[in-house]
Amino acid sequence: LLAPAEPPYSHSAEKIRAVFEKNLGTGNIEAFNGLGQVAMQGFKNARMVPGQLILFPHGIFGFLFLPLGSLLVFDKVDETMPPPPLMPPSGAGVSGFDQW
């Protein structure tokens with residue numbers, strides 16, 4: 001049985017955290033080897049790197065970029081949820097990513 005996500009949540013990040021906490025180490029998560037694309041700012045030096053597609057319960061999935069040790073996590077869009085916070089200004093970059 002899957003551990004429930006127990007809504008309502010004020011933001012998708014709260015649901016993701018709840019699903020992680022209730023399902024990590026339970027066997028309810030599947031992972032598949034694959035490749036993910038990374039690039040420097042401005043989509044320069046784009047290349048494919050090894051990783052894993054990770055499927056969590058309740059419509060949450062992610063991709064773990066193995067060389068970066070970074071996990072991007074996504075949730076199924078729920079149009080009844082409030083909009084996510086604004087993105088950082090263009091050009092802000094991610095610390096250390098543009099130095100690769």
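User: In what order do the elements of the protein run from the N terminus on?
Analyst: The order is α-β-β-β-β, starting from the N terminus. That makes one helix and four strands. Keep in mind that this is a predicted model.

User: What's the average pLDDT, then?
Analyst: The protein averages 77, and 70% of the residues score at least 70.

User: Where does pLDDT stay under 50?
Analyst: Over residues 96-100. The model has eight contacts beyond four places in sequence for that stretch. Where pLDDT is low, the predicted coordinates should not be read in detail.

User: OK, the sheet. What's the strand order?
Analyst: E1-E2-E3-E4, in an open sheet of four strands with antiparallel pairing. E1 and E4 are the edge strands, each pairing on one side only. On average, neighbouring strands of this sheet are turned by 30° against each other, ignoring direction.

User: How many bridges between E1 and E2?
Analyst: Ten, in the antiparallel sense, with E1 covering residues 30-40 and E2 covering residues 44-55.

User: Next pair along. How many bridges for E2 and E3?
Analyst: Five bridges, again described as antiparallel. Glycine 51 is partnered there by phenylalanine 65 in E3. The two strands form a hairpin with four residues between them, and histidine 58 in the turn has a positive phi of about 65°.

User: What about E3 and E4, how many bridges there?
Analyst: Six, antiparallel, with E3 spanning residues 60-65. Phenylalanine 63 has leucine 72 in E4 as its bridge partner, and leucine 64 stands opposite leucine 71 in E4. This hairpin has four residues between the strands, and glycine 69 in its turn has a positive phi of about 65°.

User: Where does the helix lie?
Analyst: H1, residues 12-23, lies across E3 and E4. It runs at about 115° to E4.

User: Which residues make up the largest nonpolar core?
Analyst: Six of them: Ile16, Val19, Phe20, Ile54, Phe56 and Ile60. H1 supplies the largest share, three residues. As a general point, nonpolar side chains in soluble globular proteins tend to be buried together.

User: Let's take isoleucine 60 from that list. Which strand is it found in?
Analyst: Isoleucine 60 is found in strand E3.

User: Why does isoleucine 60 count as buried?
Analyst: Isoleucine 60 counts as buried because its relative accessibility is 1%, and the cut-off for buried is under 20%.

User: What does isoleucine 60 touch?
Analyst: Not counting residues up to four places away in sequence, isoleucine 60 touches Lys15, Ile16, Val19, Ile54, Leu55, Val73, Phe74 and Asp75. Of these, Ile16, Val19 and Ile54 are listed with isoleucine 60 in the largest nonpolar core.

User: Zooming out. How much of the protein is buried?
Analyst: Buried residues make up 22% of the 100 residues.

User: And the accessible surface, what does that come to?
Analyst: About 7300 Å², of which 62% belongs to carbon and sulfur atoms.

User: Last one. What share of the contacts comes from residues 24 or more positions apart?
Analyst: 41%, counted among contacts with a separation of 6 or more.

Technical notes
Residues numbered from 1 in each chain as written. Predicted model: local features only at pLDDT ≥ 70, side-chain atom pairs only at ≥ 80, totals over all residues. Heavy atoms only, no water. Pairing = 2+ DSSP bridges. Axes fitted to C-alpha atoms, helices over the stretch in contact; angles between N-to-C directions. Contact = heavy atoms within 4.5 Å. pLDDT = per-residue confidence, 0-100. Core = buried A, V, L, I, M, F, W, Y, C linked by side-chain atoms within 4.5 Å. Buried < 20%, exposed > 50% of the residue type's maximum accessible area, 1.4 Å probe, protein only. Areas by Shrake-Rupley, 256 points an atom, 1.4 Å probe, with all protein chains shown as cover.
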